[in-house]
Amino acid sequence: QVQVVESGGGLVQPGGSLRLSCTASGNNFNLYSMAWYRQPPGKQRVLVAQISSSWRRTYADSVKGRFTISRDNAKNTIYLEMNNLKPEDTAVYYCKAEVWSGIYGTSYWGKGTLVTVSS
């Protein structure tokens, strides 16, 4: 039911910056817990950053201090500001929405957006 769509990926040089966006449909976006994951080529998908409905944020050690996750509930959107990008950041970035209906939680995934860090 919930549609999750990422955007903003592309090619960027090492040391550059990029902002990803993710929109999630629904009337209760402000209650969703949202997260960014990434999957480098040939590797497993891992958590990058997450943000709760109360704005509590968590980051992977590999991106701490460089990436910032935020949300704009009026736009049903979360963002991932990525600074000082490194080749190791190259990956497909996925957005996940965790939606609660009563006591039952469901995760919804976007299809991903590719970020390539290369000169």
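Thr 77 in strand S8 is the bridge partner of Asp 72. Strands here, like helices, are DSSP runs numbered from the N terminus (helices are H or I, at least four residues; strands are E, at least two). Two strands pair if DSSP finds at least two bridges between them. The model is predicted: local features need pLDDT of at least 70, side-chain atom pairs count only at pLDDT 80 or more, and totals for chains, interfaces and linings use all residues. Residues are numbered from 1 along each chain as its sequence is written, and side-chain values use heavy atoms, with hydrogens and water left out.

Stay with S8. Strand S7 covers residues 67-72 and runs antiparallel to S8, with 6 bridges joining the two. Together S7 and S8 make a hairpin with 4 residues between them. In that turn, Asn 76 has a positive phi of about 50°. Strand S3, residues 18-24, is antiparallel to S8 and joined to S8 by 6 bridges. Within this pairing, Leu 20 has Leu 80 as its bridge partner. S8 itself spans residues 77-82 and is mostly covered, with 5 of its 6 residues buried. Buried means under 20% relative accessible area, exposed over 50%, and partly exposed in between (1.4 Å probe, protein chains only).

The structure holds 1 disulfide, defined as a pair of cysteine sulfur atoms within 2.5 Å. The pair is Cys 22 and Cys 95, with sulfur atoms 2.0 Å apart. Cys 22 lies in S3 and Cys 95 in strand S9 (residues 91-101), so the pair ties together parts that are 73 residues apart in sequence. The torsion about the S-S bond of Cys 22 and Cys 95 is about -80°, so this disulfide is left-handed. Both Cys 22 and Cys 95 are buried.

Next, the rings. The whole structure contains 2 aromatic pairs. Rings of Phe, Tyr and Trp (its six-membered ring) pair if their centres lie within 6.5 Å; planes under 30 degrees apart are stacked, over 60 edge-to-face, the rest tilted. One of the pairs is Phe 29 with Tyr 32, edge-to-face, at 5.6 Å centre to centre and 65° between the planes. Phe 29 is buried at 1% relative accessible area. Tyr 32 is buried as well, at 5%.

Leu 20 comes up again at Thr 113. Thr 113 belongs to strand S11, residues 113-117. With 11% relative accessibility, Thr 113 counts as buried. Thr 113 and Leu 20 are 93 residues apart along the chain, yet their C-alpha atoms are separated by 8.4 Å. Leaving aside residues up to four places away in sequence, Thr 113 touches residues including Glu 6, Gly 8, Leu 20, Ala 91 and Tyr 93. Contact means heavy atoms within 4.5 Å.

Now the whole chain. The protein has 0 helices and 11 strands. Of contacts between residues at least 6 apart in sequence, 52% join residues at least 24 apart. Buried residues make up 41% of the 119. A compact globule of 119 residues would have a radius of gyration near 14 Å, and the protein's 14 Å agrees. That radius is taken over C-alpha atoms, and the globule rule is 2.2 Å times the number of residues to the power 0.38. Along the principal axes, the C-alpha atoms fill a box of roughly 45 × 25 × 25 Å.
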